[in-house]
Amino acid sequence: GELGGSLELIQSQTASGVSTLDFTSLGDYNVHFMTLSDFQADTTSTVYAYGRLSNDGGSSWISTSNYERAFYRLNTAGTQANITSTSETEFDSFFAIDQNYPKSQAYIYFYNLTNSSKYSYVTFQSVNAVSYWTYFGGFILPVAETHNAIRLYTSSDNFQNGNAKLYGIKEI
């Protein structure tokens, strides 16, 4: 059998000329892992990759100002900042993308999404190719309910390319 802690691929999606990628079948996992690789926008303007959760299987997306964020960023020039907020309407943001820069990458862990008695939270690390930042930190949606779908979407324009893979982590 499978070893505990192993990754089980749920869904793989390729972004090409779309502004959203929806993952609506999360399975019965306490922890989900997502990889985002080779993302780029279809414009030379900066576009951000956001996330939202759903509590109705993806029929609608939670957009109230309940999302919270806290992450650290550092760029190649040595500029650094702590980014914090307690009133976001989405996971803002996993990274930025723009045709003037290389492709952006991230890995993201989602915790307790399908547990109706716990808050859903996220930890992530990304390489934001726009201005050469790296991000490390997390987000929380402090609402104890079942979150059964994940949306990755752009702040404007479209993803020109990118690969997103969602995994469930098997219980030990």
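**Core, strands and rings in a predicted model**

Modeller: In this predicted model, the largest nonpolar core holds 34 residues, and those with the most contacts inside it are Leu-36, Phe-39, Phe-94, Ile-108 and Ile-150.

Biologist: What is Phe-94 in contact with, leaving aside its neighbours within four places in sequence?

Modeller: The list is Ala-49, Tyr-50, Gly-51, Ile-108, Val-122, Phe-124, Ser-126, Tyr-135, Phe-139 and Leu-152. Contact here means heavy atoms within 4.5 Å.

Biologist: Why is Phe-124 called buried?

Modeller: Its relative accessibility is 2%, and buried means under 20%, so Phe-124 counts as buried. Phe-139 has a relative accessible area of 3% and is buried by that cut-off.

Biologist: What makes Phe-124 and Phe-139 a stacked pair?

Modeller: Ring centres must lie within 6.5 Å, and planes under 30 degrees apart count as stacked. The centres of these two rings are 5.0 Å apart and the planes are at 15°, so the pair of Phe-124 and Phe-139 is stacked. Phe-124 lies in strand β9 and Phe-139 in strand β10, so the pair ties together parts that are 15 residues apart in sequence.

Biologist: How many aromatic pairs does this rule give?

Modeller: The count is 21. One of them is Tyr-109 with Tyr-111: the centres are 6.2 Å apart and the planes at 20°, so this pair is stacked as well. Tyr-109 has a relative accessible area of 27%, which lies between the 20% and 50% limits, so Tyr-109 is partly exposed.

Biologist: Which residues form an aromatic cluster with Phe-124 and Phe-139?

Modeller: Tyr-67, Phe-71, Phe-91, Phe-94 and Tyr-135 form one cluster with them.

Biologist: How do you know that strand β9 pairs with β8 and with β10?

Modeller: Pairing needs at least two bridges. Seven bridges join β8 (residues 104-111) to β9, and nine join β9 to β10 (residues 133-141), so both pairings meet the rule. β9 runs antiparallel to β8, and β9 and β10 are antiparallel too. Ile-108 stands opposite Phe-124 in β9, while Asn-128 has Trp-133 in β10 as its bridge partner.

Biologist: Which residues of β9 are on the covered face, and which on the uncovered one?

Modeller: In a regular strand the side chains alternate between the two faces of the sheet. In β9 (residues 120-128), Ser-120, Val-122, Phe-124, Ser-126 and Asn-128 make up the covered face, and Tyr-121, Thr-123, Gln-125 and Val-127 the uncovered one.

Biologist: Which residues have a positive phi although they are not glycine?

Modeller: Most residues other than glycine have a negative phi, and most peptide bonds are trans. Ser-131 has a phi of about 65° and is in the turn of the β9 and β10 hairpin, which has four residues between the strands. Asp-38, in strand β3 (residues 31-41), has a phi of about 60°. Ser-131 at 32% relative accessibility and Asp-38 at 33% each fall between the 20% and 50% limits, so each counts as partly exposed.

Biologist: Where is a cis peptide bond found?

Modeller: A cis bond joins Asp-92 and Ser-93, with omega about -10°. Ser-93 lies in strand β7 (residues 91-97).

Methods. Residues are numbered from 1 along each chain as its sequence is written. This is a predicted model: local features need pLDDT of at least 70, side-chain atom pairs count only at pLDDT 80 or more; totals for chains, interfaces and linings use all residues. Side-chain values use heavy atoms; hydrogens and water are left out. Buried means under 20% relative accessible area, exposed over 50%, partly exposed in between (1.4 Å probe, protein chains only). Helices (H or I, at least four residues) and strands (E, at least two) are DSSP runs, numbered from the N terminus. Rings of Phe, Tyr and Trp (its six-membered ring) pair if their centres lie within 6.5 Å; planes under 30 degrees apart count as stacked, over 60 as edge-to-face and the rest as tilted. A nonpolar core is a set of buried Ala, Val, Leu, Ile, Met, Phe, Trp, Tyr and Cys residues joined through side-chain atoms within 4.5 Å.
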